[in-house]
Amino acid sequence: MKLTKGLEQAVCVIALLATQDQEIPVSSHIINYRLQGSPTYLKKLMRKLVVNNLVTSVSGINGGFSLAKAPEKITILEIIEALEGPVITYPNTGLINMVFQDMQPVANQGDLVLMDVFHEADKYYSDYLGKQTVEDLIQETLGLREIPILNWNDLAEKKGLLRKVLKNVNGNDEK
């Protein structure tokens with residue numbers, strides 16, 4: 001199974017929103033600027049995140065996007081399923097039944113065995129990703145207990161706060 005580039009973008013968007021002051025939505029312009037991607041693709045991506053209740057959308061002049069729930073309640077599995085659908089790694093095109101059509105009972109059994117193997121693997125994969133939260137990723141990445149809160153819409157403030165966060169991550173704890 002190969003996950004799409006959109007998943008990486010979605011994780012970045014969710015992480016960006018997790019560090020945003022929840023009272024101030026991040027504009028789509030800022031998100032697109034940070035991702036440096038296609039505005040059309042960003043709209044599709046954001047729509048999937050909104051429809052799957054990971055992100056909320058606020059329209060209007062001061063509108064934008066916010067997280068629909070706290071970062072500790074959003075799992076990587078939820079993000080994957082919002083973009084890619086349920087985790088199913090075995091395509092089961094019926095090839096076993098076609099190749100071994102003259103031995104149908106064996107082919108049927110082989111098909112069932114292979115489906116069970118991949119189904120079990122998908123469960124392990126999903127269980128692991130279902131335990132990994134956005135909060136965990138951010139905390140481990142930054143080496144901080146608290147997720148820093150920024151206002152990504154304010155570029156001047158963002159630069160100063162990001163410098164401070166980076167200094168904290170690099171061990172130069174500046175208060």
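I first checked the length of helix H3 (residues 39-51): at 1.5 Å a residue its 13 residues should span 18 Å, and the end C-alpha atoms are 18 Å apart, which agrees. The expected span is taken as 1.5 Å times one less than the number of residues. Helices (H or I, at least four residues) and strands (E, at least two) are DSSP runs, numbered from the N terminus.

I note that this is a predicted model, in which local features need pLDDT of at least 70 and side-chain atom pairs count only at pLDDT 80 or more, while totals for chains, interfaces and linings use all residues. Residues are numbered from 1 along each chain as its sequence is written, and side-chain values use heavy atoms, with hydrogens and water left out.

**Faces of H3**

I looked up which residues of H3 are buried (under 20% relative accessible area, with exposed over 50% and partly exposed in between; 1.4 Å probe, protein chains only). They are Leu-42, Leu-45, Met-46 and Leu-49. Seen down the axis of H3, these buried residues fall within an arc of 95°, so they line one face of the helix. The arc is that of the directions from the helix axis to the C-beta atoms. On the other side of H3, I found Thr-40, Lys-43, Lys-44 and Arg-47 exposed.

I then asked what covers the buried residues of H3. The cover includes helices H1 (5-18), H2 (28-35) and H4, together with strands S1 (55-58) and S2 (64-67). After H3 comes Asn-53, for which I recorded a positive phi, near 60°.

**The whole chain**

I counted eight helices and two strands, in the sequence order α-α-α-β-β-α-α-α-α-α. Of the 175 residues in the chain, 32% are buried. For contacts (heavy atoms within 4.5 Å), I took those with a separation of 6 or more; residues 24 or more positions apart account for 62% of them. The chain exposes about 11,200 Å², of which carbon and sulfur atoms supply 56%. Accessible areas come from the Shrake-Rupley method with a 1.4 Å probe, and for residues only the protein chains shown count as cover.

**Aromatic pair**

I found one aromatic pair in the structure. The ring centres of Tyr-90 and Phe-118 are 5.1 Å apart and the planes are at 15°, so the pair is stacked. Rings of Phe, Tyr and Trp (its six-membered ring) pair if their centres lie within 6.5 Å; planes under 30 degrees apart count as stacked, over 60 as edge-to-face and the rest as tilted. Tyr-90 lies in the loop between H4 (76-84) and H5 (95-99) and Phe-118 in H6 (residues 104-131), so the pair ties together parts that are 28 residues apart in sequence. Tyr-90 is buried at 18% relative accessibility, whereas Phe-118 is partly exposed at 30%.

**Ser-126**

I also examined Ser-126, which lies in H6 and is buried at 15% relative accessibility. Leaving aside neighbours within four places in sequence, Ser-126 is in contact with Leu-77 and Val-87.

**Salt bridges**

I listed two salt bridges, each a side-chain nitrogen of Lys or Arg within 4 Å of a carboxyl oxygen of Asp or Glu. One joins Lys-69 and Glu-78 at 2.6 Å, N to O. Lys-69 is partly exposed at 29%, and Glu-78 is partly exposed at 24%. Another joins Lys-123 and Glu-120 at 3.4 Å, N to O. Being three residues apart in H6, Lys-123 and Glu-120 are separated by about one helical turn. I recorded both as partly exposed, Lys-123 at 38% and Glu-120 at 32%.
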